[in-house]
Amino acid sequence: MTDKKQKKISVLNDELDVKLFLYIAKKNLIFVLLLFAIAISSAYLYLRYTPPLYQASSVIQIASELEKTRILPTAHIYEDDIARKIELLRSSVFLQRALSKLPLEITYYSKGRVLNHELYKSTPFIIEKNVKNSNIYGLPIYVDFLSDSLAVLSYELRNNEHRRIEVKAGEWGELPEFDFKIEILNFKAIEDQQSIFSRNSYFFIINNPANIVSYYAKDIKVNVLNAAAKTIEISYSGNNAGKTSDIVNAIAEEFKIYDLERKAESANNILSYIDLQLELIFDKLTESELELERFKNKYEITEPAHDNLTPMKNRLNELQNQLINLEIERSIYQDIEKNLLESEEIDIYKLVAVLAGIDFQNNISNMMRALHDLLMEREKLLYQVTPRSSQIAALDYQIDIQKRYLVESINSIKSNIELRLADIKSKIEEYNEFLKIEPREYSLVEYSRLQRIYSINEKFYNQLVEKKAEYSISVAGHVPQSTILERSASTGRPISPRPRAIYISGVLASLFLGAGLIFLRYIFYNEIPSLNDILKHTDAPILGVIPKYKSAIPKDQLLVLDKPKSVIAEALRSIRTNLQFIDNSPGSKIIAVTSTISSEGKTFFAVNLAGILAFSNKKVIVIDFDMRKPKIHFGFNVANNNGVSTILSGIDSLEKCIQKSKESNLDFITAGPVPPNPSELILSPKMDELLDELKKTYDYIIIDNPPVGIVTDGMKSIMKANYPIYLFKANFSKRIFIQNVNRLIGENKIPNLAIVLNSVDKQYSSYGYDKGYAYGYYGDYGYEYYDENRNGNTKSFFNLFSKLQFRLKRKS
């Protein structure tokens with residue numbers, strides 16, 4: 001057995017066949033077009049019923065504080081990083097502040113044929129309301145205008161209770177859920193809308209103020225646009241172009257206002273604290289100045305003679321200066337401690353002012369800065385969360401620990417100051433005792449002490465005045481730290497859905513699905529499309545091909561009698577010629593026709609082959625051995641009252657069952673009534689006797705056998721036939737049916753079994769199929785019929801086919 005016979009035939013197309021793929025693509029083009037139509041229709045419906053989505057964006061830039069710090073040392077109190085700015089912009093507290101500037105408490109709508117339209121800042125009427133019951137929030141309240149001064153409000157509560165009231169424009173109406181007043185702005189627009197929709201053409205929704213921020217915040221995006229440039233992009237997506245633009249612009253503008261307010265609040269608090277300190281120091285300075293003047297007048301001192309003081313007296317003066325400085329330092333530490341302990345809520349601005357006025361030891365300064373940072377972080381966080389949140393609690397814990405460390409450090413420093421003060425006082429007493437200063441000299445020493453106290457107070461006062469001047473200049477020069485680089489402008493063009501993108505996506509999806517469908521149909525295409533598939537899997541000889549008959553086959557299937565010059569007739573003549581290559585011996589010949597399953601066209605082939613043979617002056621008879629599903633009587637359009645079944649059963653004689661056709665050389669025997677035992681009748685000796693008797697009269701006996709793929713009734717006649725023919729129907733018979741041919745040749749020892757491919761589609765010829773069997777040559781004729789009077793030298797492709805040598809393939 002050859003390799004082709006041994007090779008298992010796959011039900012899938014595991015080899016690339018471009019010609020078959022193109023044929024399947026053409027056959028399924030209608031489905032691709034249908035998918036295309038569905039995709040376009042779906043895209044249209046999607047665009048029709050999907051609300052448009054608009055997006056607006058604004059860009060702000062955070063200015064750098066570097067140059068300000070170089071000019072004024074106070075600028076550092078405004079420093080902030082961009083991450084904190086973003087968190088502030090995202091916080092619900094800030095968004096509440098920004099969105100409160102927009103008319104979002106009531107949303108107005110007009111009714112549309114498909115979608116309702118929001119009338120943001122374009123409503124022809126406005127509503128003033130006083131909500132008494134929160135159940136009214138979120139309900140559509142319909143407004144019908146009876147005239148330019150009269151309207152009707154109606155709505156349905158969630159418990160299906162209806163409300164309806166008629167009210168005059170400009171007057172307050174009362175309902176259980178809310179009081180309201182309607183102001184009509186454009187009655188002409190209202191009339192135009194109500195001419196389209198007679199009822200409920202307008203409605204509005206009262207929004208819950210507590211939910212406004214959460215409703216809009218989910219679509220507000222705040223992102224860093226360029227970290228190096230410190231630019232932030234604020235964007236919002238919504239179904240109304242004007243509203244989306246107003247929201248991002250409101251957030252950007254409010255951020256500038258907030259920035260100014262925060263700076264002003266900080267600086268003003270610090271200035272208030274400095275003013276308070278100035279009052280206290282001014283009192284001390286005045287007191288020390290008066291005391292100095294009184295002392296000068298008392299002792300009549302005009303100009304102290306400092307040059308007469310001895311070095312020991314100078315040392316005494318230094319000790320007294322140290323004493324005064326330590327007392328001032330102790331006072332400042334006490335002031336800081338008081339600020340830390342006087343209340344739970346620390347005034348961070350006072351601490352900043354104290355830090356700005358005094359130089360501390362490094363450890364205290366670092367702790368003050370750390371506490372300042374924690375307090376600033378807590379203040380920022382309060383814009384995002386509630387005071388009882390876990391984040392605030394964690395920060396309060398850190399602040400409390402930092403305060404304790406700071407207080408303990410201050411107490412330790414104060415203890416050291418107290419020890420130093422006691423030591424200095426002790427030394428001063430020792431110096432005084434040792435020097436025993438005279439009254440006149442003592443007065444000069446005391447005068448020097450008073451003068452130093454005055455100088456220290458004056459210095460501290462001047463320092464506070466200097467700080468006040470710096471902060472005053474800072475307040476006077478306040479500008480927003482943020483700059484709006486790009487404001488949103490409503491273009492009216494939605495970002496979604498985009499018609500062009502939707503249609504392109506629909507077309508691409510239809511093409512993709514269509515290509516997938518064609519690919520799957522190709523992969524799972526298990527039918528025999530052409531002779532190429534047969535030749536790949538069997539060595540059985542090919543008798544020829546029968547073209548597909550496009551029109552409906554008439555009841556009388558003997559087409560060759562009515563159209564002897566048709567393409568089908570030519571194909572059958574070629575097959576008649578090729579039969580000579582199988583067996584050209586003299587005598588009567590039996591032609592047995594079978595197939596794998598029914599509906600492959602074996603009856604049509606048998607009847608018309610008989611007609612072609614009869615045209616060559618041969619006596620031909622067609623016998624219907626398919627007693628289970630007889631069809632020959634349909635082919636000749638006669639009754640099936642008697643036939644093979646009655647002959648083999650002994651009911652009727654052979655002569656009684658032979659019927660004449662319209663062709664003088666063509667007779668036929670129908671199958672007769674369906675017997676209960678068709679297999680036994682065919683396998684009986686009477687069948688051999690029947691064939692032997694017919695051989696005496698006819699040149700060709702054509703047997704229409706039952707399909708061997710279903711029953712084995714026809715095996716005996718096939719094995720006895722001179723010309724056993726196995727019929728396949730193109731694009732109908734499965735590829736795996738070819739194994740039946742190999743089995744009949746190999747196992748049943750029928751080496752002269754030949755193949756005919758029936759109903760081959762003309763489209764294959766355009767893809768180059770079946771060349772070598774001359775099917776492509778009759779492509780120019782189509783499936784039309786021609787007559788002998790046609791002008792021109794018409795050449796039948798089957799005449800060309802007859803010139804080809806038939807290759808009879810036999811097992812060696």
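Is Thr50 buried or exposed? At 18% relative accessibility, Thr50 counts as buried, where buried means under 20% relative accessible area, exposed over 50% and partly exposed in between (1.4 Å probe, protein chains only).

Before continuing, note that this is a predicted model, in which local features need pLDDT of at least 70, side-chain atom pairs count only at pLDDT 80 or more, and totals for chains, interfaces and linings use all residues. Residues are numbered from 1 along each chain as its sequence is written, and side-chain values use heavy atoms, with hydrogens and water left out.

**Stop 1: Thr50 and helix α3**

Keep Thr50 selected and display the loop between α3 (29-49) and β1 (54-62), where Thr50 lies. Helices (H or I, at least four residues) and strands (E, at least two) are DSSP runs, numbered from the N terminus.

**Stop 2**

Select α3 together with α15. Their axes come within 8 Å and cross at roughly 155 degrees. That makes α3 roughly antiparallel to α15. Axes here are lines fitted to C-alpha atoms, for helices over the stretch in contact, and angles run from 0 to 180 degrees between N-to-C directions. Angles under 35 degrees count as roughly parallel, over 145 as roughly antiparallel, 65 to 115 as roughly perpendicular and the rest as oblique.

The axes of α2 and α15 are 9 Å apart, and the helices pack at an angle of about 125 degrees. This arrangement makes α2 oblique to α15.

**Stop 3: the aromatic pairs**

How many aromatic pairs does a search of the whole structure find? The search finds 16. Select Phe21 and Tyr522, an edge-to-face pair with 5.6 Å centre to centre and 75 degrees between the planes. Rings of Phe, Tyr and Trp (its six-membered ring) pair if their centres lie within 6.5 Å; planes under 30 degrees apart count as stacked, over 60 as edge-to-face and the rest as tilted. This pair links distant parts of the chain, with Phe21 in helix α2 (residues 18-27) and Tyr522 in helix α15 (residues 499-523), 501 residues apart. Phe21 is partly exposed, with a relative accessible area of 29%, whereas Tyr522 is buried at 4%.

Move to Tyr216 and Tyr236, whose ring centres are 6.1 Å apart and whose planes stand at 50 degrees, so the pair is tilted. Tyr216 lies in helix α8 (residues 209-217) and Tyr236 in strand β12 (residues 231-238), so the pair ties together parts that are 20 residues apart in sequence. Both Tyr216 and Tyr236 are buried.

Then highlight Tyr108, Phe125, Phe145, Tyr202 and Phe204, which form one aromatic cluster.

**Stop 4: charges over rings**

Select Lys218 and Tyr215: the charged end of Lys218 sits over the ring of Tyr215, 4.1 Å from its centre. The criterion is that NZ of Lys or CZ of Arg is within 6 Å of the ring centre and within 35 degrees of the ring normal. At Lys729, the charged end sits over the ring of Phe732, 5.2 Å from its centre.

**Stop 5: backbone exceptions**

Most residues other than glycine have a negative phi, and most peptide bonds are trans. Select Ser496 and Pro497: the peptide bond between them is cis, with omega near -10 degrees. Pro497 is found in the loop between β13 (482-486) and α15.

Proceed to Ser599, whose phi is near 75 degrees, a positive value in a residue other than glycine. Ser599 lies in the loop between β15 (589-595) and α19 and, at 41% relative accessibility, counts as partly exposed. Ser759 likewise has a positive phi, of about 60 degrees, although it is not a glycine. Ser759 lies in strand β21 (residues 754-760) and is buried, with a relative accessible area of 11%.

**Stop 6: Ser616**

Finish at Ser616, in the loop between α19 (602-615) and β16 (620-624). Ser616 is partly exposed, with a relative accessible area of 28%. Its side chain reaches the backbone oxygen of Leu613 at 2.6 Å.

Conventions: A polar contact is a pair of N or O atoms within 3.5 Å; within protein, one must be able to donate a hydrogen and the other to accept it, and residues adjacent in sequence count only if both atoms are side-chain atoms.
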